[in-house]
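I opened the notebook to record what I looked up in this structure. The entries go from one interface to the next.

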Amino acid sequence: MSGNAPAPVLEVSALTKHYGGVRALDGVSFAIAPGELLALIGPNGAGKSSCFNIINGQLRPDAGEVRLHGRAITGLAPRRIARLGVGRTFQVATVFGSMTALENVQMALIAAQGRVFRLWAPARRMAREAALALLEQTGTAALAERPAAALAYGDVKRLELAMALAGDPSLLLMDEPTAGMSAEERQAMIALVRRLTRSRGLAVLFTEHAMDVVFGHADRVVVLARGRLIANGSVEAVQGDPAVREAYLGGVSASISETP
Amino acid sequence: MSFEALLFQAVNGFASASGLFLVAAGLSIIFGVTRIVNMAHGSFYMLGLYLAVTLAPLLGEAFGGALGFWGGILGAALVTAALGALVEVVLLRRIYAAPELYQLLATFALLLIINDAALAFWGPEDILGPRAPGLSGSVEFLGRRLPDYDIFLALIGPVVLVALHMLLTRTRFGRLIRAATQDREMVAALGINEAVLFTAVFALGTGIAGFGGALQMAREPANLALDLSVLGDAFVVVVVGGMGSIRGAYLAALLVAEVKALCTALGLVELGGFTFNMSRLTLVAEFLVMAVVLVIRPHGLFGRPQPAQARRGEAEAPLVPLGRTGRLIALAVLVCFAAIPLFSAVASYAPVLALDMVIAALFAASLHLLMGPGGLASFGHAAYFGLGAYGTAYAATVLGLPTPLAFGVGMATAAAGAVLFGWFCVRLEGVYFAMLTLAFAQIVWSIAHQWEEVTGGSNGLFGVWPDPPFDSASGLYLAALGVTVLGLVLIRRLVFAPFGLALRAGRDSRLRAEALGIAVDRVRWLAFAIAGTLCGAAGGLFAFAKGSISPEAISVGRSIDGLVMVLLGGVHSLMGPLLGAGGLTLLQDMVMRESPYWRGLLGLIILLIVLIFPSGLAAGLRRKRGSAA
């Protein structure tokens with residue numbers, strides 16, 4: 001990034017987390033700019049989950065800080081972080097099974113608008129247009145009236161994305177956005193995320209195991225290994241980095257150089 | 001109050017702690033391995049005591065007093081363990097995969113059946129056992145006489161604690177129990193015979209409970225109220241100690257027993273000119289201990305955060321507001337109910353029965369708000385019914401307030417109770433929520449039973465008659481119908497409002513709801529408060545309808561009636577609880593009134609529902625319909 005780069009959406013600095021004697025995270029720092037699609041990768045046990053869960057508030061770091069638009073959010077509850085404009089999707093997509101797809105997104109919008117404690121007016125008429133628009137954007141408009149529990153998994157993932165976007169977030173945290181999807185679905189999903197981030201100027205931090213997704217679409221890649229940040233740069237730079245190859249020793253080292 | 005008295009009571013506290021610990025430890029071990037909270041655990045304690053007072057004299061005649069007494073205790077423990085094994089094989093094996101609520105209900109049904117079986121076998125009178133040979137004396141302790149047997153009991157708790165610890169750490173069986181507690185799939189994968197392990201664990205747990213009960217032989221008579229009172233105590237102990245922790249169970253039992261003993265020791269305390277009888281506070285003390293511990297350590301002293309439990313059973317279909325036909329039917333039913341007083345000349349009993357049904361409908365619907373959309377099965381909804389009824393009765397009789405105002409006082413009392421208790425309950429989910437709500441209901445029941453100046457003790461409050469125009473059967477009925485309809489409309493609006501949507505969201509996925517910025521605990525707390533307040537309204541109506549209120553009317557039985565109503569009608573529908581309320585009220589009125597064993601009969605009905613439709617009544621019916629089509 002050049003000298004007059006825009007102010008980062010998210011900055012993490014010197015994050016450290018211990019479990020007993022094990023250092024899950026050891027002084028990890030990086031930042032994300034608006035509109036940037038940043039992949040967080042690393043072999044199993046590298047500290048991806050810890051890092052991710054500290055940013056979204058499920059875990060409290062032993063040291064270090066998380067800043068959102070310059071404001072410290074370290075250790076805030078997940079629901080407070082959500083209200084500050086951070087959307088989230090889970091590794092196993094989670095939606096409200098007993099509601100229709102439309103109601104799911106309406107719920108997300110109602111929560112974002114702080115109207116949860118309305119006790120009398122029917123929710124059906126609230127935020128309906130905006131919810132339909134979000135379903136449209138994620139390609140699930142045709143499923144609006146279907147119960148979420150009856151949707152195919154790929155559709156659940158897209159519905160979850162629509163819900164995560166409901167609060168008009170400035171940052172989207174996606175934990176393995178394409179886990180459990182077929183190869184074609186994976187590409188379609190990440191392309192959709194790519195489109196939405198460009199049009200909304202949205203920053204996305206995602207973890208991913210599928211290297212085709214990472215190297216095909218990420219703007220930048222941050223690599224963790226044994227709790228340390230070992231690389232932070234463009235796809236090409238990371239692919240050529242000997243330290244990264246070293247970290248992915250063995251069978252995986254072949255697949256990492258594989259570009260789609 | 002002297003230091004000696006305090007110390008004396010402290011030793012007494014150790015003796016009580018042992019009994020509590022034996023029940024709680026068994027409950028904890030069984031839960032750890034099978035993930036079933038055994039609602040009938042207190043029943044095995046009660047059975048242990050009954051068996052001991054029966055066996056001891058028999059064995060005493062044959063082998064002499066000492067052998068009879070100790071043989072009786074040992075025999076009682078073994079027989080309860082065998083009964084436990086039988087129950088596990090016959091009943092529990094069929095419901096391990098069923099939804100949590102059904103497991104709780106099935107074991108509760110067992111409690112009802114065992115209680116009625118004990119009534120049939122041993123009769124309603126308390127039975128005293130023999131005194132302990134060799135331990136019937138007492139020792140001089142700080143100028144008072146401390147019974148030998150209490151000292152013996154005080155020692156038994158730590159002895160069992162150490163024995164259990166050895167069993168769990170030093171034996172293969174113990175290692176299996178610990179492995180199964182931590183990871184059930186792993187044990188199955190290792191090729192261990194799970195069925196045998198589960199049976200053995202259940203027998204061990206119930207055997208310890210029976211042992212605990214049998215040990216009380218020299219202290220208290222066997223009676224039929226023991227099962228529930230012990231269960232409530234055991235739940236408090238387990239919640240305070242942390243589910244699954246044996247050490248925690250002992251420490252919590254000790255804490256609860258010592259605080260109670262301290263209150264007894266303090267006796268009358270003068271504070272700022274007022275005199276408080278601290279020994280009356282023993283019941284509240286239990287609550288306070290639990291409150292303090294849960295605020296500081298939400299998972300109990302030695303408990304770990306509960307793993308998010310996967311929801312078993314099918315996802316509910318989306319709720320749809322009533323269409324045109326639905327509204328017409330609802331209106332027609334309302335008109336029919338409103339017209340009932342017109343027929344009182346022909347069927348004078350009709351308004352009385354209809355009043356019961358209307359009250360039951362409000363009671364069940366308020367419970368369903370928590371159970372259905374909230375996904376929180378309260379086993380202590382009777383508490384708010386009781387607070388509403390007692391508040392109304394007290395205001396109408398002692399304070400002499402006019403009827404509507406007295407009713408308002410009742411609702412306010414229930415609301416206050418629900419706000420207070422709810423704050424603790426909504427922090428927990430699943431079985432923990434069920435246990436805590438039941439424990440709170442037991443506390444409310446005990447207060448109603450013991451705070452004689454205000455509640456009239458076991459007799460309750462009398463002469464709660466409404467003023468005109470509510471003093472006639474029809475007047476009161478129509479007023480009750482109006483209140484119930486208002487309550488039902490409020491619940492419906494809530495469920496379809498953003499609040500109701502958020503409540504369902506928290507039930508479907510707490511994680512997702514929090515990630516959207518929804519404060520799930522606060523949503524649940526408000527739902528709990530509203531459900532409690534509406535339930536209190538049902539209680540207030542009940543007090544006016546019967547003209548009195550007594551502890552019996554607000555016992556755990558009423559909480560269970562509510563659960564059965566909701567399940568009979570179907571937890572997944574908003575109309576279900578109303579049908580269930582009507583159905584159960586009719587059933588109780590027609591059949592069950594005739595028999596002293598109707599609670600046991602209710603238990604059998606519950607068991608049948610659970611065994612025939614292990615995945616839920618609504619799902620079962622849907623499957624039936626599916627296969628018929």
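How many residue pairs are in polar contact across the interface of domain 1 of chain A and domain 2 of chain A? I found nine residue pairs, both residues of each at pLDDT 80 or more. A polar contact is a pair of N or O atoms within 3.5 Å; within protein, one must be able to donate a hydrogen and the other to accept it, and residues adjacent in sequence count only if both atoms are side-chain atoms.

I noted the ground rules next. This is a predicted model, where local features need pLDDT of at least 70, side-chain atom pairs count only at pLDDT 80 or more, and totals for chains, interfaces and linings use all residues. Residues are numbered from 1 along each chain as its sequence is written, chains are lettered from A and ligands numbered from 1 in the order in which they are written, and side-chain values use heavy atoms, with hydrogens and water left out.

**Entry: the two domains of chain A**

I looked up the bounds, which come from an automatic or database domain assignment. Domain 1 of chain A covers 1-76 + 171-182 + 198-260, and domain 2 covers 86-168. Their C-alpha centres lie 27 Å apart. For contact (heavy atoms within 4.5 Å), I listed 17 residues of domain 1 of chain A and 15 residues of domain 2 of chain A.

The two domains bury about 1300 Å² between them, 54% of it on carbon and sulfur atoms. Buried area is the accessible area (1.4 Å probe) that two parts lose on being put together, summed over both. On the side of domain 1 of chain A, A:Leu172, A:Asp175 and A:Arg200 lose the most area to domain 2 of chain A, together 37% of what that side buries.

I counted one salt bridge between these domains. The term stands for a side-chain nitrogen of Lys or Arg within 4 Å of a carboxyl oxygen of Asp or Glu. A:Arg200 and A:Asp168 form a salt bridge through their side chains (3.4 Å, N to O).

**Entry: chain B against chain A**

I found 33 residues from chain B and 36 residues from chain A in this contact. About 3000 Å² is buried between the two chains, 70% of it on carbon and sulfur atoms. In chain B, B:Pro498, B:Arg512 and B:Leu516 lose the most area to chain A, together 23% of what that side buries.

The chains share two salt bridges. B:Arg512 and A:Glu160 meet through their side chains in a salt bridge (3.0 Å, N to O). I also counted nine residue pairs in polar contact between chain B and chain A (both at pLDDT 80 or more).

**Entry: the two domains of chain B**

I read domain 1 of chain B as 3-124 + 150-296 and domain 2 as 350-590. Their centres, taken over C-alpha atoms, are 30 Å apart. Each of the two domains gives 26 residues to the contact. The area buried between them is about 2400 Å², of which carbon and sulfur atoms give 86%.

How many salt bridges are there between domain 1 of chain B and domain 2 of chain B? I counted zero. I found one residue pair in polar contact across this interface (both at pLDDT 80 or more).
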